[in-house]
Amino acid sequence: MYFPPFLTLVVSGEILDLVGETGPVAKVVLLILLIFSLISWAIILSKWSLLRRARVQSGRFVRAFRKAQRLQDVSAVAEQFRPSPLVGVFESGFQEYRRQGGAIGNPAVQRAMQIATSEEMTRFERNLPWLAITAAVTPFIGLFGTVWGIIDAFHGLGTAGAATLRAVAPGISEALITTAAGLAAAIPAVIAYNLIGGSIREFASRGDDFALEMLNAVERQEAVPAYRAAETSEVRR
């Protein structure tokens, strides 16, 4: 199995030896940071996959929506674009439109789509606060392990009575590894939090734009029968 050079260094190099030589408190700190990091990466990968599929399906759904002649045609094929949040916005607006008897300009349709947009964004934001927590907390957890390790190193130095750099350097280097681990957990989390948050805000904006486009489609659909009825009455006269 192929491992990247950095991963090979971590697994088989000096870092693994340093982790093995750390004290019990540092090991607990590293374990906590590892749990934070694993959960964060699971959220990052799942959200990234969800947003990628939603972006692709949203583009396809908008194209199908604009090509359709009737809203009923869009409703019949909307399910296949389900990862897109625009599908939920459309279905909420279309169902409310049918409940209102096809009344043009009814604000209930617009409110239904606004609620649907909010619900879809809430679905996207689920578990996202964990990334913010990881980004804020893990550096301090790593710093705690570092401070504890330095205290332990200087305590051992005082006990040994040998005030030399060679005597204190191993203990300090072991302590600083927890700070590095805390930063390694925090940096991907804060980057992913901002990127994913930006994508969610983009989807929210697209949902608002689609709601307006949906209202235009409703008015066009209702205007055609009215126009045809007017033409028929003129012909009869």
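Biologist: To begin with the surface, what share of the accessible surface of the chain belongs to carbon and sulfur atoms?

Modeller: Please bear in mind that this is a predicted model. The accessible surface of the chain comes to about 14,500 Å². Of that area, the part that belongs to carbon and sulfur atoms is 63%.

Biologist: How many helices and how many strands are there in the chain?

Modeller: Read from the N terminus, the elements run α-α-α-α-α-α-α-α. The chain accordingly has zero strands, and its count of helices is eight.

Biologist: What percentage of the residues in the chain is buried?

Modeller: A residue counts as buried when its relative accessible area is under 20%. The chain has 237 residues, and the buried ones make up 34%.

Biologist: How many residues does the second, separate core have?

Modeller: In soluble globular proteins, nonpolar side chains tend to be buried together. The second core is separate, and Ile43, Leu51, Phe124 and Ala192 are among its members. Its number of residues is 13.

Biologist: Is Phe65 buried or exposed?

Modeller: Phe65 lies in helix 3. Beyond its neighbours within four places in sequence, Phe65 is in contact with Leu71, Val74, Phe90, Phe210, Glu213, Met214 and Ala217. Its relative accessible area is 5%, so Phe65 is buried.

Biologist: How far apart are the C-alpha atoms of Phe65 and Ala217?

Modeller: Along the chain, Phe65 and Ala217 are 152 residues apart.

Biologist: Which residues is Phe90 in contact with, leaving aside its neighbours within four places in sequence?

Modeller: Phe90 is one of the residues with the most contacts inside the largest nonpolar core. With those neighbours left aside, its contacts are Phe61, Phe65, Leu71, Val74, Ser75, Ala78, Phe210 and Met214.

Biologist: How are helix 3 and helix 5 oriented to each other?

Modeller: In this pair, Ala54, Ser58, Phe61, Val62 and Phe65 in helix 3 meet Pro85, Leu86, Val87 and Phe90 in helix 5. By class, this contact has eight nonpolar, one polar and no charged residues. The axes come within 8 Å and cross at roughly 40°. The two helices are therefore oblique to each other.

Biologist: How many charged residues does the contact of helix 3 with helix 6 have?

Modeller: Helix 3 and helix 6 pack at an angle of about 145°, and their axes are 10 Å apart. Lys47, Leu50, Leu51 and Ala54 in helix 3 meet Arg123, Phe124 and Glu125 in helix 6. By class, the contact has four nonpolar residues and no polar ones, while the number of charged residues is three.

Biologist: What is the relative accessibility of Thr134?

Modeller: Thr134 is found in helix 7. Not counting residues up to four places away in sequence, Thr134 touches Phe36, Ser40, Pro139, Ala185, Ala186 and Ala189. Thr134 counts as buried because its relative accessibility is 0%.

Biologist: What is the phi of Asn127, which is not a glycine?

Modeller: Asn127 is found in the loop between helix 6 and helix 7 (129–160). At 49% relative accessibility, Asn127 counts as partly exposed. Although Asn127 is not a glycine, its phi is positive, at about 70°.

Biologist: Which residues is Trp48 in contact with, leaving aside its neighbours within four places in sequence?

Modeller: Trp48 is placed in helix 3. With a relative accessible area of 44%, Trp48 is partly exposed. With those neighbours left aside, Trp48 is in contact with Leu195 and Ile196.

Conventions
Residues are numbered from 1 along each chain as its sequence is written. This is a predicted model: local features need pLDDT of at least 70, side-chain atom pairs count only at pLDDT 80 or more; totals for chains, interfaces and linings use all residues. Side-chain values use heavy atoms; hydrogens and water are left out. A nonpolar core is a set of buried Ala, Val, Leu, Ile, Met, Phe, Trp, Tyr and Cys residues joined through side-chain atoms within 4.5 Å. Buried means under 20% relative accessible area, exposed over 50%, partly exposed in between (1.4 Å probe, protein chains only). Contact means heavy atoms within 4.5 Å. Axes are lines fitted to C-alpha atoms, for helices over the stretch in contact, and angles run from 0 to 180 degrees between N-to-C directions. Helices (H or I, at least four residues) and strands (E, at least two) are DSSP runs, numbered from the N terminus. Angles under 35 degrees count as roughly parallel, over 145 as roughly antiparallel, 65 to 115 as roughly perpendicular and the rest as oblique. Ala, Val, Leu, Ile, Met, Phe, Trp, Tyr, Cys and Pro count as nonpolar, Asp, Glu, Lys and Arg as charged, and the others, Gly among them, as polar. Accessible areas come from the Shrake-Rupley method with a 1.4 Å probe; for residues, only the protein chains shown count as cover.
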